[in-house]
Amino acid sequence: MKSDDIVVCRCEEITLDEIRLWIDRGYGRFDELKRILRVGMGPCQGRGCRDIILRELSRSTGEPVESISPGTIRPPVKPVKLGLLIHGEGETSC
Amino acid sequence: MRRIETDVLVAGGGPAGLSAAIEAAGAGAQVVIAESGFHVGGQLVKQSHKFFGSKDEYAGTRGVKIAEALNDEVSQYGDRVKIMLDTTISGYYGEEGIVTAMVGEEEYFHIVPKRIIIATGAQERLIPFPNNDMPGVYGAGAVQTLMNTYGVIPGRRVLMVGAGNIGLIVSYQLMQAGVEVAAVLEAAQRIGGYWVHAAKIRRLGIPILLRHSIKRAVGERVVEGAEICELDGSFNPIGEPKEVECDIICMAVGLTPTNELLWQAGCKMKYVPFLCGHVPLRDMEMRTSNENIWVAGDASGIEEASTAMIEGRIAGIGAARSLGFVVDEIRLDEFQTRLRNLRAGDAGEKIRTGVAAVTI
């Protein structure tokens, strides 16, 4: 990383320059950036970066930020260890 | 896998969630409060200052005492309210009628609620600048938690970014804790918070620099200073940047609703700038477009603890009534009146406009 790099997504270490580069390449929606860069897919699930990226998309498209889709938000809201899921399976309810 | 059934699940044990639980339990419902932190009371717990506003909403009382009062009220209902700490609602699966929950990172289980009140609060906004990922860059809320909850000062000399109430209050509390505050920066042309908070820190000699923002954090491996710059009326930097010596940069640039569960549950959402983000459409009783889900507090739009508590009470009554419990309609009307009163006047205009845009 260069010293001037601005980290937007801390979980996946994605910089503002990278976001802008991929928007310029035509990845003009949050979900598209998510799939190519993994922004919003790390431990914080986009709590840190989504807002900043939506504003960046708004700036590049000229559309107001309220009309930019924040993408599909699915469970879980935070990482779940696979071990927890495996151990949970098959146990009786109480 | 453990499976808990309940009438009402309240996601979040802050002022809105506790208030919702009190009303729902008061009407006779079984309630589970899932709180991701280690204590209930949410942000109230670290508010060492006295609140303003209406006496009905604890004006003159310190936030931490309000949390205790709400907790006492919850405990009156005994087993009817089950508080689960360190518990995060991680997913909503409507077709199965379940939500998934995690205790720390150690247990994963199911809750089967008849109704859900989402009172997940807010998260801190960040702004991008070079080196914003360097140790020493904090959210103001995090600094407040460190100091007021854990008794740890963040550093020696702080640059505060943002002169809203949080920036002003945390600056004052930093001074009280013996930490120097180099300056408070505010991008807008005027102070966003209450004048009384601004006056307190001005009396202590802390400069509040309007139309100023941070340009970059300076340092090798940790923050050693910050470059700040003046802004023109369109928020573009003007003039030469100045360097401020500090070891902590504290960001108080606003909050945004914590809304993942609402999205997951398919609630109709709308971006409302006056409410600081995407919030669900709701009726007068805080019921969202998903008929099993209510919302209250900052998750429904960034406002204050006082309004969060009333919204919580309204949501709690609404959720209980929908389950067939008999509720006190006069009491509900009183809460609606109190909510209107809190939002009255010039100060409440933006909130009134924002709320009107999402109230069906």
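This briefing describes a predicted model of two chains, its confidence, its interfaces and selected local features. The model scores ipTM 0.90 and pTM 0.94. Chain A and chain B bury about 3000 Å² between them, and chain B is itself divided into two domains, domain 1 and domain 2.

**Conventions**

- Residues are numbered from 1 along each chain as its sequence is written, while chains are lettered from A and ligands numbered from 1 in the order in which they are written.
- Local features need pLDDT of at least 70, side-chain atom pairs count only at pLDDT 80 or more, and totals for chains, interfaces and linings use all residues; side-chain values use heavy atoms, with hydrogens and water left out.

**Confidence**

- Chain A has a mean pLDDT (the predictor's confidence in each residue, from 0 to 100) of 88, and 89% of its residues reach 70 or more.
- For chain B the average is 95, and 100% of the residues score at least 70.
- Within chain A, helix H2 (residues 30-37) has the highest confidence, at a mean of 97, and helix H4 (residues 82-88) the lowest, at 78. Helices (H or I, at least four residues) and strands (E, at least two) are DSSP runs, numbered from the N terminus.
- Where pLDDT is low, the predicted coordinates should not be read in detail.

**Interface of chain A and chain B**

- Contact, meaning heavy atoms within 4.5 Å, involves 32 residues of chain A and 35 residues of chain B.
- Of the buried area of about 3000 Å², 58% lies on carbon and sulfur atoms. Buried area is the accessible area (1.4 Å probe) that two parts lose on being put together, summed over both.
- Two salt bridges are counted between the chains, where a salt bridge is a side-chain nitrogen of Lys or Arg within 4 Å of a carboxyl oxygen of Asp or Glu.
- Asp51(A) forms a salt bridge with Arg125(B), and the closest N and O atoms are 2.7 Å apart.
- On the side of chain A that touches chain B, the elements giving two or more residues are helix H3 (50-61) and H4 of chain A; H3(A) gives the most, with four residues.
- That side of chain A comprises 16 nonpolar, five polar and eleven charged residues. Ala, Val, Leu, Ile, Met, Phe, Trp, Tyr, Cys and Pro count as nonpolar, Asp, Glu, Lys and Arg as charged, and the others, Gly among them, as polar.

**Domains of chain B**

- Domain 1 of chain B spans 3-123 + 255-358 and domain 2 spans 126-251; the bounds come from an automatic or database domain assignment.
- The centres of the two domains, taken over C-alpha atoms, are separated by 31 Å. Eight residues from domain 1 and eleven residues from domain 2 make up the contact.
- The area buried between the domains is about 840 Å², and carbon and sulfur atoms give 54% of it. Lys46(B), His49(B) and Phe52(B) supply 61% of the area that domain 1 buries against domain 2, more than any other three residues.
- Between the domains the count is zero salt bridges, but six residue pairs (both at pLDDT 80 or more) are in polar contact.

**Local features of chain A**

- Arg38(A) and Glu12(A) meet in a salt bridge through their side chains (3.3 Å, N to O). This pair links distant parts of the chain, 26 residues apart: Arg38(A) lies in the loop between H2 and H3, and Glu12(A) in the loop between strand S1 (7-9) and strand S2 (14-15).
- Arg38(A) has a phi near 70°, a positive value in a residue other than glycine.
- Pro75(A) and Pro76(A) are joined by a cis peptide bond with omega about -5°; Pro76(A) is in the loop between H3 and H4 of chain A.
- Most residues other than glycine have a negative phi, and most peptide bonds are trans.

Definitions and conventions
Polar contact = N/O pair within 3.5 Å; in protein donor to acceptor, adjacent residues only side chain to side chain.
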